[in-house]
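Here is a short briefing on one structure. It goes topic by topic, with cut-offs given as each term comes up.

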Amino acid sequence: MADGVHVVFGAGPLGLAVLRALQTRKLPARLVTRRGKPAGRAPTAFEWVAGDATDSDSVRRACAGASVVYHCAGAPYDRWAELLPRMMDGIAGGARVAEAKLVYGDNLYMYGRVTGPLRQNLPSNPNTRKGQVRAQLGDRLLEAHHKGALRATIGRGSDFFGPHVLLSHAGSRLFPQALAGKLTDVLGDPDKLHTFTYIDDFGEALVLLGTRDEALGKAWHVPNPETLTHRAFVERVYRVAGTEPKLRVVPRWLVSILAPFNPTLREVKEMLYQFEEDFVVDSRHFTSTFGKTATPLNDAIRATLDWYRQSYQPA
């Protein structure tokens with residue numbers, strides 16, 4: 001269905017970035033969330049419907065008339081193993097019934113520990129529970145594509161930052177502090193390289209994958225700006241904000257002490273290796289294939305700071 005609607009599952013930072021990219025291209029869009037359109041919300045340029053990604057009937061209704069379906073739905077960090085496979089089954093089933101392409105917004109956990117840059121031809125080799133979940137989802141989806149069960153592609157990004165990104169190593173623990181000139185905490189070794197993905201680059205990349213047939217059947221690393229050390233990235237944010245960098249390292253032993261009492265920290269602990277070792281993502285194949293490069297880092301940081309100034313309200 002080449003001229004159908006573009007259906008986005010999930011109103012988190014990535015789903016909203018996909019919507020912005022669709023609106024820029026003037027493509028018809030439908031956002032699917034568990035509760036549908038909030039009461040009193042101002043009219044928008046897209047359709048907003050209720051749908052539960054774990055309920056096949058609900059998903060099929062939400063996908064009616066779709067040409068592309070974007071899986072950007074998430075789940076609480078400590079419930080991935082329980083919920084993510086059910087969500088993938090539901091959304092993939094809806095895309096299959098609608099005869100639509102499925103574009104899955106994924107991360108990089110499935111690779112596990114890697115020596116050298118992460119390239120998109122690496123096999124799944126997870127060393128964590130969450131990595132095992134992600135590997136299962138991605139491998140099963142591509143297998144279904146190659147068996148002809150549906151048409152699918154995957155876009156993979158690193159830890160992201162940008163508008164609406166709060167729960168991230170470069171989210172609400174960094175940008176508000178930079179604007180106020182206050183101290184920010186970081187995990188791991190701040191002098192190791194770490195690739196961050198700008199959320200609007202991620203959203204635009206997924207829409208591009210949804211419009212190009214040569215993207216199908218593969219997992220792609222979306223474009224990323226220059227990779228800096230975590231310390232240099234934080235310092236860049238402060239300097240673009242016009243404040244003096246103030247950084248404090250949270251030691252692993254403290255995370256270990258707090259983890260038993262905090263479900264999120266328990267899950268963060270097993271992923272600390274990504275910030276204790278160099279974590280560099282190679283996205284050159286995406287750029288050479290599709291001609292799309294990342295937003296320059298300073299521009300991406302500036303846009304993120306603008307969003308935090310104008311729209312962020314602490315809980």
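Threonine 304 sits in helix H12 (helices are DSSP runs of H or I with at least four residues, strands are runs of E with at least two, and both are numbered from the N terminus). The model is predicted: local features need pLDDT of at least 70, side-chain atom pairs count only at pLDDT 80 or more, and totals for chains, interfaces and linings use all residues. Residues are numbered from 1 along each chain as its sequence is written, and side-chain values use heavy atoms, with hydrogens and water left out.

**Threonine 304**

- Threonine 304 is buried, at a relative accessible area of 0% (buried means under 20%, exposed over 50%, partly exposed in between, with a 1.4 Å probe and protein chains only).
- Beyond its neighbours within four places in sequence, threonine 304 contacts Phe161, Gly162, Pro163, Phe175 and Tyr198 (contact means heavy atoms within 4.5 Å).
- Isoleucine 199 is 105 residues away from threonine 304 along the chain, yet their C-alpha atoms are 9.5 Å apart.

**Packing of H7 and H12**

- Two packed helices are described by the angle between their axes and the distance between the axes.
- Helix H7 (residues 230-241) and helix H12 (residues 297-311) have axes that come within 10 Å and cross at roughly 60°.
- Axes here are lines fitted to C-alpha atoms, for helices over the stretch in contact, and angles run from 0 to 180 degrees between N-to-C directions.

**Salt bridges**

- The whole structure holds 24 salt bridges (a side-chain nitrogen of Lys or Arg within 4 Å of a carboxyl oxygen of Asp or Glu).
- One of them pairs arginine 134 with aspartate 106, at 3.2 Å from N to O.
- Arginine 134 belongs to helix H4 (residues 129-146) and aspartate 106 to strand E5 (residues 101-106), so this pair links parts 28 residues apart in sequence.
- Both ends are buried: arginine 134 has a relative accessible area of 11%, and aspartate 106 has 3%.
- Arginine 129 and glutamate 270 form another bridge, at 3.7 Å from N to O.
- Arginine 129 is in helix H4, while glutamate 270 is in the loop between helix H9 (263-269) and helix H10 (273-276), so the pair ties together parts 141 residues apart in sequence.
- Arginine 129 is partly exposed, with a relative accessible area of 48%.
- Glutamate 214 and arginine 212 also form a salt bridge, their closest N and O atoms being 2.6 Å apart.
- Each of these two is partly exposed: glutamate 214 at 39% relative accessibility, arginine 212 at 28%.
- Shared partners join Asp106, Arg134 and Arg156 into one salt-bridge network.

**Surface patch**

- Trp253, Ile257 and Leu258 make up a nonpolar surface patch, with about 330 Å² of accessible area together.
- Patch members have over 30% relative accessible area and no salt bridge; like charges are joined within 9 Å, and nonpolar side chains (Val, Leu, Ile, Met, Phe, Trp, Tyr) within 5 Å.
- Accessible areas come from the Shrake-Rupley method with a 1.4 Å probe, and for residues only the protein chains shown count as cover.
- Isoleucine 257 lies in helix H8 (residues 252-258) and is partly exposed, at 48% relative accessibility.

**Loop residues and positive phi**

- Most residues other than glycine have a negative phi, and most peptide bonds are trans.
- Lysine 26 has a positive phi, near 60°.
- Lysine 26 is in the loop between H1 and E2 and is exposed, at 73% relative accessibility.
- Histidine 164 also has a positive phi, near 70°.
- Histidine 164 is in the loop between strand E7 (159-161) and helix H5 (175-180), and is partly exposed, with a relative accessible area of 33%.
- Leucine 27 is in the loop between helix H1 (13-24) and strand E2 (29-33), and is partly exposed at 25% relative accessibility.
- Leucine 27 touches His6, Leu22 and Val207, leaving out residues up to four places away in sequence.
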